[in-house]
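Dear colleague,

I am passing on the structure below, and after it I set out what was found in it. Please read the notes with the structure open beside them.

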Amino acid sequence: VEMWLISFLNLHHYTDSTRNYVKYFIFSAIWGSFSFLPNINSDEVLYFSDIINKFGFSEFYLHSTGLAVFLQWYLSILLFQVLFGTFIYRHFCSASVYYFSRCERRVQWFFKEAVSLYPLAILHLLIMVFSGTFFICLTSSVRFDAGSFCLLGYYLAIHSLWLFLTTILINIVAIKIRSGGAFVIVSGIQIFLASLYAYWGENQKFDEIPMSNRYANLLKSDPLSHLVLNWHSSGIKSLSGKIDIFEMEFEFVESISLYIILSVLLIAIGCVVVKRQEFIVINIETGGT
């Protein structure tokens, strides 16, 4: 009976999750399309690399007035965090007393749940990019230039890792407190990091080209900076003219490595939290047991 009930709960959860994912990714498609409403019926030929760069915050400039542009494009990241910020936490709230209190391999369970988030992050980004591209193709012209798919690869690698680690963080905080509070805390951290650009743009000399090592290191110290594709540099010739607007040494591998390290660290923290969590009182959303 115990095994049957566990199987039933897992099957029920899988069915509900499948329906939810379809709804979630419809939002991704709508967001990707609406992001390019200004480009409808434009006579301008848009390159595929330009589309990717737009999702990679290429329209953002270091000034207090440019912060609104950054937040506008950052909403797609917040959208994913809202949709999947309780991806793991919801499992705790459903059958937590019955199942998780009997699960001896809690660390393995959390690791499996965490890893399953990453493909969803990639899918979210792909749906946005290609829905936006298709939307433009309906009324305008898009050219697939050399280096665009290389830039797409870097975009997917960097942005998917950021989506992954921030969403994992929300889930970890939600396990300890309420899910709504977890999103407020993590989004507050992100808004603070973004607000640094307004201060730096007003008080530092970031407009010097090439950018000095001092300002380059300061800029790279903000984790959000690694999301801006055209701030990066690369030795790939096909990317020439599409990135490196500050002419500073900022390789894509730096951003990927940083996000991987942060992701591994958060997974380790999550494993510890799950292992020590008293599941008998996990249903803090309702205050029950």
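The crossing of H7 and H10 is left-handed, and in this predicted model the axes of H7 and helix H10, residues 252–276, come within 9 Å while crossing at roughly 20°. Because angles under 35 degrees count as roughly parallel, H7 is roughly parallel to H10. Sorted by class, the contact of H7 with H10 has 21 nonpolar, 3 polar and 1 charged residues.

H7 also packs against helix H3 (residues 67–84), here at an angle of about 40° and with the axes 10 Å apart, which makes H3 oblique to H7. The crossing of H3 and H7 is right-handed. On the H3 side the contact is made by Tyr74, Ile77, Phe80, Gln81 and Phe84, and on the H7 side by His159, Trp162, Leu163, Thr166, Thr167, Ile170 and Asn171. Divided by class, the residues of this contact of H3 with H7 are 7 nonpolar, 5 polar and no charged.

As a general point, nonpolar side chains in soluble globular proteins tend to be buried together. When residues up to four places away in sequence are not counted, tyrosine 155 touches Ile52, Phe55, Gly56, Leu125, Met128, Val129, Ser160 and Leu229.

For the chain as a whole, the secondary structure comes to 10 helices and 2 strands, and from the N terminus on the elements run α-β-α-α-α-α-α-β-α-α-α-α. Buried residues make up 47% of the 289 residues in the protein chain. Among contacts between residues at least 6 apart in sequence, 77% join residues at least 24 apart.

Some single residues may also be of use to you. Alanine 194, which is found in helix H8 (residues 179–203), has a relative accessibility of 1% and so counts as buried. With its neighbours within four places in sequence left aside, alanine 194 is in contact with Leu67, Phe70, Leu71 and Leu224. Alanine 194 and aspartate 222 are 28 residues apart in sequence, and their C-alpha atoms are 8.4 Å apart in space. Isoleucine 26, in helix H1 (residues 2–34), is partly exposed, with a relative accessible area of 45%. The C-alpha atom of isoleucine 26 is separated by 8.7 Å from that of isoleucine 127, a residue 101 places away along the chain.

Phenylalanine 57, in the loop between helix H2 (48–55) and H3, has phi near 65°, a positive value in a residue other than glycine, and at 1% relative accessibility phenylalanine 57 counts as buried. Glutamate 247, in the loop between helix H9 (213–220) and H10, has phi near 55°, again a positive value in a residue other than glycine, and with a relative accessibility of 48% glutamate 247 counts as partly exposed.

Note on methods: Residues numbered from 1 in each chain as written. Predicted model: local features only at pLDDT ≥ 70, side-chain atom pairs only at ≥ 80, totals over all residues. Heavy atoms only, no water. Contact = heavy atoms within 4.5 Å. Axes fitted to C-alpha atoms, helices over the stretch in contact; angles between N-to-C directions. Helix = DSSP H or I, 4+ residues; strand = E, 2+ residues; numbered from the N terminus. Parallel < 35°, antiparallel > 145°, perpendicular 65-115°, else oblique. Left-handed = near helix turned anticlockwise from the far one by under 90°. Nonpolar A, V, L, I, M, F, W, Y, C, P; charged D, E, K, R; others polar. Buried < 20%, exposed > 50% of the residue type's maximum accessible area, 1.4 Å probe, protein only.
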